[in-house]
Amino acid sequence: NQGMSSIPYLTTEGDVLEFNTSEKACEPWGFFTNQRVTSPNGDGIVIGVNKGLLWVQLDKDEGASPLGNAKTYEDLLGMGCFVLDVPSPVPSGTQASHPQVPASLVSAEVEFGEYLIKRIDYHGKAVNIAMQNENGPCPLIAIANILALRGEISLDGGNRKRITVSNLCNIISNRLKFCAQKEEAEKLVERLPKLSEGLDVNCGFTSCDDFEKTEGTRILELLNIRMVHGWVVDPHEHPQVHAAVAHLRYDELTIELVSGGSGGGMDQVRDWLHSTGHQLTEYGLHHLTQSLADNEVVLFFRNYHFSTLTKVNGQLYNLVTDVGYGIERNVVWDLLSTVHGDSQFYSSDFQKSSEAVMHEIIATCTAIGWSTSVAETAFRALYKPGEGVDADQVVQYLVQHHPL
């Protein structure tokens, strides 16, 4: 089983060659398997590496061909090659007789009950994290990733870069054996597989740490994992609501409301719950930011989902575990800075990802009058990994090379 690291593929010469599709193999070119790209010969999709060259399936061809003699990312940029925004499946003409790269390479090979493993850099150390292959609460993934980031466990997916639920549970159960309450831990190990489905949570509304204690939360305590949320009422802005919920958690409050309670600020509570259905308030966000220590890693509960949250230089970041970003090296963290904000992706070193910077700069350039493709070509001509590029530099480049 060669997994995702190698695939046979038809070439334009009629041969079937083996292509290395791993990130490591493609890294010198900065273009990766299944990315949609454009080149002087047309648009296509990256297949992989063979004989020291990067190969693509161009839309107009019946098989794969190399991207010239390019050996580096700079070579490709010099040729006028760059990544397009929208992925596209390989043309159907290649699939009748020979295997092809699926339209969604990552998700297509993740089977039920297993998770993709992605390697990231975390404070100078290489760490494997588990990615979530379908929508759902799955606290098990968040717990495993917290332990991995803290250096307490290692997630090894082998050659397939996959890890099963059972293997994940075994790794965490082995970690539980190191806690002081070994007898209690052994009993709770049986609950680990259920964490792949969810965790019953009953939170309070006056503190980001207020949760009812259950067997599930006890597992977190034994692993020394802190769970937090941001569904917290501001006592100054909503004093009546704060007073009404001060001694109630979600379950008790729901019973109170369903039974028809209306006195003691319950009408205001209903309004507050309706306006904070996203389960995060401005006060809660501030409370979280103040509560976490720098570089602390915690389990974050919101909208009945669980994620891995950390604080770096005073900012909160969620670990990105959507399998759709499994091959996106520069998308590792999602900044949590507003209640309703869109995703702002950051790289492993907590710098805004090159993709995010590129889109911001393109927006500036298109507002001035340049086309998206011209602006993106200029950005990629100036951008170098590890070095920054801003909108002024790109605009200046466009004024010189592509005057309006």
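Where is the place of Asp200? Asp200 sits in the loop between helix 6 (182-188) and helix 7 (215-222); helices are DSSP runs of H or I with at least four residues, numbered from the N terminus. The model is predicted: local features need pLDDT of at least 70, side-chain atom pairs count only at pLDDT 80 or more, and totals for chains, interfaces and linings use all residues. Residues are numbered from 1 along each chain as its sequence is written, and side-chain values use heavy atoms, with hydrogens and water left out.

Asp200 is exposed, at 68% relative accessible area (buried means under 20%, exposed over 50%, partly exposed in between; 1.4 Å probe, protein chains only). With Glu212, Asp251 and Glu252, Asp200 gathers in a surface patch of negative charge. Patch residues have over 30% relative accessible area and no salt bridge, and like charges are joined within 9 Å.

The structure holds 13 salt bridges (a side-chain nitrogen of Lys or Arg within 4 Å of a carboxyl oxygen of Asp or Glu). One of them pairs Lys60 with Asp61 at 3.4 Å, N to O. Lys60 is exposed at 57%, whereas Asp61 is buried at 17%.

Arg191 and Glu215 form another salt bridge, with their closest N and O atoms 3.7 Å apart. Glu215 lies in helix 7 and Arg191 in the loop between helix 6 and helix 7, so the pair ties together parts 24 residues apart in sequence. Glu215 is partly exposed, at 47%.

Lys213 and Glu221 also form a salt bridge, at 2.8 Å between the closest N and O atoms. Salt bridges with shared partners join Glu184, Lys213, Arg218 and Glu221 into one network. Lys213 is exposed at 65%; Glu221 is partly exposed at 36%.

Notes. Patches are made of residues with over 30% relative accessible area and no salt bridge: like charges are joined within 9 Å, nonpolar side chains (Val, Leu, Ile, Met, Phe, Trp, Tyr) within 5 Å. Accessible areas come from the Shrake-Rupley method with a 1.4 Å probe; for residues, only the protein chains shown count as cover. Lys and Arg count as positive and Asp and Glu as negative; His and the chain ends are not counted. The place of a charge is taken as NZ of Lys, CZ of Arg, CG of Asp or CD of Glu. Helices (H or I, at least four residues) and strands (E, at least two) are DSSP runs, numbered from the N terminus.
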